[in-house]
Amino acid sequence: MENLRVFLILLLTLISTPSKAHESLNLISGFTSPESVVQDAKGDIYVSEIGEFNKDGDGKITRISIDGKLSTFASGMDDPKGLTFIGKSLYVTDKNRVLKVESNGKWMVFGSTMAFPQTPIFLNDITSDEAGNLYVSDSGNLSAGGAIFKITQDKKITLILNENTPEILAPNGLLVVKNDLFEVDFASGILYKINLKTKSILKVAEGFGGGDGLIKSGDSFFVSDWKNGKIFKLQRNKVTLFKEGFTAAADIALSYDKRSIITPDMKTGSVTLVPIH
């Protein structure tokens, strides 16, 4: 009877903390240029795989189940990058368009190239707010020419900021916190806070190299540095090195239970779960 009680406790623990099974694996390999990750409430992790750069049709979204098994969730994309969930729908940036993927893996174009107020060059990260609006970064040529867009659920696309604002060079990682949009720039390595009402922009911190992914846990921000293979922590205006040893730390995500940073390494073709505490 005691053994049965212990077994039930362990089972309930796994169900209530879905990413724990992934944490026991720590490192998951077998991807081709993984760029972005996101985890759903069930504990499944979704990984965007670019495949061969600039080769259309070979990009896909791979699902990592809670037991660590890999399966193709959606395929036939070009160069999929940023990922975000709204409800059960997964939104993906794919070169110069935005895709919407349903729970069965079927996808459609949600934001076409022609629908953007200025022609997108290199759509990169994507995030959403509580109202269901999407925010998309265009990294330009990775040194200049970038922009940030907003997409509503009725598919209306508006420009938030572009290269006419001196701080906007190659915007990458995005994160909405209340009425502010945080953005880390790939070219300058600077983290900015953009007021979504006034569009005023404030420098928060710098020194993030090739700033890529951006998440927030508690009162801390975490930023991945693609160029130098590092993850930095920003807490109370102080930047410290949190984790290094990656080859190309791409678009990180916070696990659903908020215990780990899920980190795709684009050049090694792997995904690592890094405990926060």
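## An aromatic cluster

Y46, F73 and F85 form one aromatic cluster. The model is a predicted one. Across the structure there are eight aromatic pairs. A pair of aromatic rings is described by the distance of the centres and the angle of the planes.

One of the eight pairs joins Y46 and F85. Their ring centres are 5.4 Å apart. The planes stand at 80 degrees, and the pair is edge-to-face. Y46 sits in strand 3, residues 45–49. F85 sits in strand 6, residues 80–86. The pair therefore ties together parts that are 39 residues apart in sequence. Is Y46 buried or exposed? Its relative accessibility is 4%, so Y46 counts as buried, the cut-off being under 20%.

Which strands does the pair connect? Y91 belongs to strand 7, residues 89–94. F110 belongs to strand 9, residues 107–111. The pair thus ties together parts that are 19 residues apart in sequence. Both partners can be checked for burial. Y91 has a relative accessible area of 1% and is buried. F110 has a relative accessibility of 5% and counts as buried.

Strands of a sheet pair through backbone hydrogen bonds, either parallel or antiparallel. In this model, four strands form an open sheet in the order 18-19-20-21. Their pairing is antiparallel. Which strands stand at the edges? They are strand 18 (211–217) and strand 21 (238–244). Each has a single partner strand, so one side of each is left without a neighbour in the sheet. On average, neighbouring strands of this sheet are turned by 25 degrees against each other, direction ignored.

Now look at one pairing in the sheet. How many bridges join strand 18 to strand 19? There are five, and the two strands run antiparallel. Strand 19 covers residues 220–225. K216 stands opposite F221, which is in strand 19.

## Lysines over rings

K216 and F221 meet in another way too. K216 lies over the face of F221, at 5.7 Å from the ring centre.

How values were computed: Residues numbered from 1 in each chain as written. Predicted model: local features only at pLDDT ≥ 70, side-chain atom pairs only at ≥ 80, totals over all residues. Heavy atoms only, no water. Phe/Tyr/Trp six-rings, centres within 6.5 Å; stacked < 30°, edge-to-face > 60°. Buried < 20%, exposed > 50% of the residue type's maximum accessible area, 1.4 Å probe, protein only. Lys NZ or Arg CZ within 6 Å of the ring centre and 35° of its normal. Pairing = 2+ DSSP bridges. Axes fitted to C-alpha atoms, helices over the stretch in contact; angles between N-to-C directions.
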